[in-house]
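Hello,

Here is the structure I promised to pass on to you. Please have a look at it first, and then read my notes below.

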Protein chains: 2
Amino acid sequence: MEFLETRITDIESQLHQAGLKLTPQRRATVSTLLHNCEKHLSAEELFTLVRKKETDIGLATVYRTLEILFELGIVNKINFEDGMSRYDLRLSDQGHFHHHLLCKVCGKVQEVHEDLLLDVEEEVKNKFGFEVTDHRLIFHGICADCLAKKK
Amino acid sequence: MEFLETRITDIESQLHQAGLKLTPQRRATVSTLLHNCEKHLSAEELFTLVRKKETDIGLATVYRTLEILFELGIVNKINFEDGMSRYDLRLSDQGHFHHHLLCKVCGKVQEVHEDLLLDVEEEVKNKFGFEVTDHRLIFHGICADCLAKKK
DNA sequence: AGGATTCTGAGATTAATTTTAAATAAAGAG
DNA sequence: CTCTTTATTTAAAATTAATCTCAGAATCCT
Ligand SMILES: [Zn+2]
Ligand SMILES: [Zn+2]
Ligand SMILES: [Zn+2]
Ligand SMILES: [Zn+2]
């Protein structure tokens, strides 16, 4: 769990550069997010988790913290069309957003970290003159587990 | 404007197959959507447009109609992370969702109708055993117009 | 006509998110 | 170490998109 602290210190300096502080509440929020980075938590879900460690925090603060982290490009805000935004840490070395596989049978969300879109972005640039800086890609379908069960 | 009527008749029979009716309110909603198919209207925006033609319609009906059309696969529901769902007609011959280019300078949304992801889906199938049935792809970046102005 | 079914508008309701206002904590200057 | 400023917090209120309720209207079937 060494690198988690490193990551938090990292985020702290990003906040400082923007004239913001890493308060205990924000630290708890970021830490909880780091410990659950593959879960795509909603603000409320994150809130209940954070509360277990840092009881002195309100839901609005979690929302505000997430908004700040989003503005700074530290977290991603994803919408799986289930009625609320979900949050996801952007890996520091990744320029691009990772992709998601959303199983319509069991609801599981799987991550794809390979950037599969470089060719496609090249094509978009050539055909439309559009300069891509980021992307959102969600595949809907049936995951390996559910396919296996089906048979 | 010939083909629009054809399309509406088309949709009417799809509704009938599902035991539903194309009421005047639904007709007005569909028609307005057809006339603004490239605009990615929200439910409220669509409602105010529909109201100009068919004054006897409520917001709930527009929401209900959009939900039905979505269930039948006639419209797409897209989330551009601006706080509400936007709706989009699915072209009858397209199995897959089309893609969008979202300019972060002027906010314009451009459509890409080529399916650029066939190879990528193949890779997802091979690597993860995930069977893709549909996808959502949004490119964020700067459109050709805004790039030109910048210089 | 009469009865079942589907639809509708208006307003009430829900749930996610944002804002407000007053209190608190931290940072900087002298 | 005070005074001052600025950033942050909480809890409650407000906002907003979306859904639900329900009594009345339209449509369909016989
Ligand atoms: Zn599954
Ligand atoms: Zn993710
Ligand atoms: Zn579109
Ligand atoms: Zn632009």
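A residue is called buried when its relative accessible area is under 20%, exposed when it is over 50%, and partly exposed in between, using a 1.4 Å probe and protein chains only. Please keep in mind that this is a predicted model, where local features need pLDDT of at least 70 and side-chain atom pairs count only at pLDDT 80 or more, while totals for chains, interfaces and linings use all residues. Residues are numbered from 1 along each chain as its sequence is written, chains are lettered from A and ligands numbered from 1 in the order in which they are written, and side-chain values use heavy atoms, with hydrogens and water left out.

Let me start with the salt bridges. The term stands for a side-chain nitrogen of Lys or Arg within 4 Å of a carboxyl oxygen of Asp or Glu, and the count over all chains is 22.

In chain A, one of them joins A:Glu67 to A:Lys77, at 3.6 Å from N to O. A:Glu67 sits in helix α4 (residues 59-71) and A:Lys77 in strand β2 (residues 75-79), so this pair ties together parts that are ten residues apart in sequence. Helices (H or I, at least four residues) and strands (E, at least two) are DSSP runs, numbered from the N terminus. A:Glu67 is partly exposed, at 33% relative accessible area. Chain A also has a network of salt bridges that links A:Glu5, A:Glu12 and A:Arg27.

In chain B, look for B:Arg86. Its salt bridge with B:Glu45 has the closest N and O atoms 3.0 Å apart. That pair links distant parts of the chain, with B:Arg86 in strand β3 (residues 85-89) and B:Glu45 in helix α3 (residues 43-53), 41 residues apart. B:Arg86 also forms a salt bridge with B:Asp82, at 2.9 Å between the closest N and O atoms. B:Arg86 is buried, with a relative accessible area of 12%, whereas B:Glu45 is partly exposed at 33% and B:Asp82 is partly exposed at 36%.

Finally, there is a metal site. The zinc ion (ligand 2) is coordinated at 2.1 Å by A:His40 (NE2), A:Asp88 (OD), A:His98 (NE2), A:His100 (NE2) and A:Glu111 (OE). Donors here are N, O and S atoms within 2.8 Å of the metal (3.2 Å for Na, K and Ca); water is not among the atoms, so sites may look incomplete. Both A:Asp88 and A:His98 are buried.

Best wishes
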